[in-house]
Amino acid sequence: MKKFAPILILIAGVLWGSMGLFVRTLNAQGLASMEIVGLRAAVTAVALFLFLLLFDRKLFQIHWKDLWCFIGTGICSIVFFNFCYFKAITMTSLSVAAILLYTAPAIVMVLSYFLFGEKLTKRKLLSLAMTFVGCVLVTGILTEKGSVSAGGILVGLGAGLGYALYSIFSRYALAKGYASLTITFYTFLIAAIASCFLTDMGKVMQVATNDMGNLFFCLAFGVLCTVAPYLTYTLGLQYVENGKASIIASIEPVTATLLGALIFHEKLTVTGVLGVVFVLAALVICNDNRKEGK
């Protein structure tokens with residue numbers, strides 16, 4: 001399993017990158033961004049509850065003293081990250097919001113250095129720099145005009161922090177012996193409960209159950225863009241350091257860019273292609289298993 005761990009994290013990044021296909025459709029049906037967050041969390045929590053109920057009820061078991069790990073992944077990460085990210089989109093351009101979000105790998109590396117003693121190797125730092133440059137090129141921030149407020153930058157950095165905290169809190173939960181299914185279930189159960197106080201869940205349920213097509217679409221959204229990637233990412237974290245995992249998952253904006261060009265015929269610029277190359281090269285360098293020189 002250790003040999004395939006980077007692939008599991010890569011799969012997670014690709015699936016997260018496909019989320020825009022679902023989000024655009026749900027937006028067109030009248031759901032706001034935070035309502036989609038609530039839908040995502042609720043569908044995921046219900047799907048995982050039914051799965052665990054049928055196949056392994058032992059995975060429901062947690063110790064109350066460890067609840068802070070799941071509050072961390074559910075509220076401090078999932079809810080906080082989404083709230084900050086969508087807020088940043090309203091205060092800055094999409095490109096700026098995306099770049100600030102992808103400060104997450106740097107935050108993960110720094111936090112993991114202090115919390116888990118993970119080394120900041122030359123290879124990691126090079127991969128991180130290449131990933132960030134690639135994300136800058138992919139989002140086109142260098143070619144877009146517009147000013148950025150201090151508040152917008154602060155909220156965007158908050159999104160990056162929230163995004164990074166999933167790796168941190170998940171690592172603690174894994175160290176306590178919890179399975180990836182348990183971590184993912186309680187993460188989204190708590191996120192769904194928190195979302196009830198932040199969104200109009202009545203409206204969300206109305207849209208989701210409007211007809212069988214919508215219901216199937218929402219279930220597919222929860223499974224493909226949430227259940228599967230969070231399970232594969234959390235499982236991969238058992239064998240891959242947080243810093244490396246966060247870099248590998250940065251395939252997400254590359255996937256979103258390519259799908260936008262292929263499906264929505266969005267313009268793919270020369271800088272965008274160069275950005276894709278930078279991110280893919282960073283993934284190769286990050287996962288080079290040769291011993292790094294001192």
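User: Is Leu 262 buried or exposed?

Analyst: This is a predicted model, where local features need pLDDT of at least 70, side-chain atom pairs count only at pLDDT 80 or more, and totals for chains, interfaces and linings use all residues. Residues are numbered from 1 along each chain as its sequence is written, and side-chain values use heavy atoms, without hydrogens and water. Buried means under 20% relative accessible area, exposed over 50%, and partly exposed in between (1.4 Å probe, protein chains only). At 65% relative accessibility, Leu 262 therefore counts as exposed.

User: Which elements give two or more residues to the nonpolar patch?

Analyst: The patch includes Leu 262, Phe 264 and Val 277, and its residues have about 670 Å² of accessible area together. Patch residues have over 30% relative accessible area and no salt bridge, with nonpolar side chains (Val, Leu, Ile, Met, Phe, Trp, Tyr) joined within 5 Å. A salt bridge is a side-chain nitrogen of Lys or Arg within 4 Å of a carboxyl oxygen of Asp or Glu. The elements asked for are α13 (251–263) and α14 (270–286).

User: What is the volume of the largest cavity?

Analyst: A cavity is a set of points on a 1 Å grid over the protein atoms alone where a 1.4 Å probe fits but cannot get out. The count comes to one cavity of 30 Å³ or more. Volume is the space filled by probe spheres set on the points; here the value is about 160 Å³.

User: Which helix gives the most to the lining of the largest cavity?

Analyst: Lining residues have an atom within 4 Å of a point. Helices are DSSP runs (H or I, at least four residues), numbered from the N terminus. With four residues, the top contributor is α8.

Note on methods: Patch = residues over 30% accessible without salt bridge, like charges linked within 9 Å, V, L, I, M, F, W, Y side chains within 5 Å. Areas by Shrake-Rupley, 256 points an atom, 1.4 Å probe, with all protein chains shown as cover. 1 Å grid on protein atoms, 1.4 Å probe; cavity = no way out; pocket = protein on both sides within 12 Å on 5 of 7 lines; lining within 4 Å.
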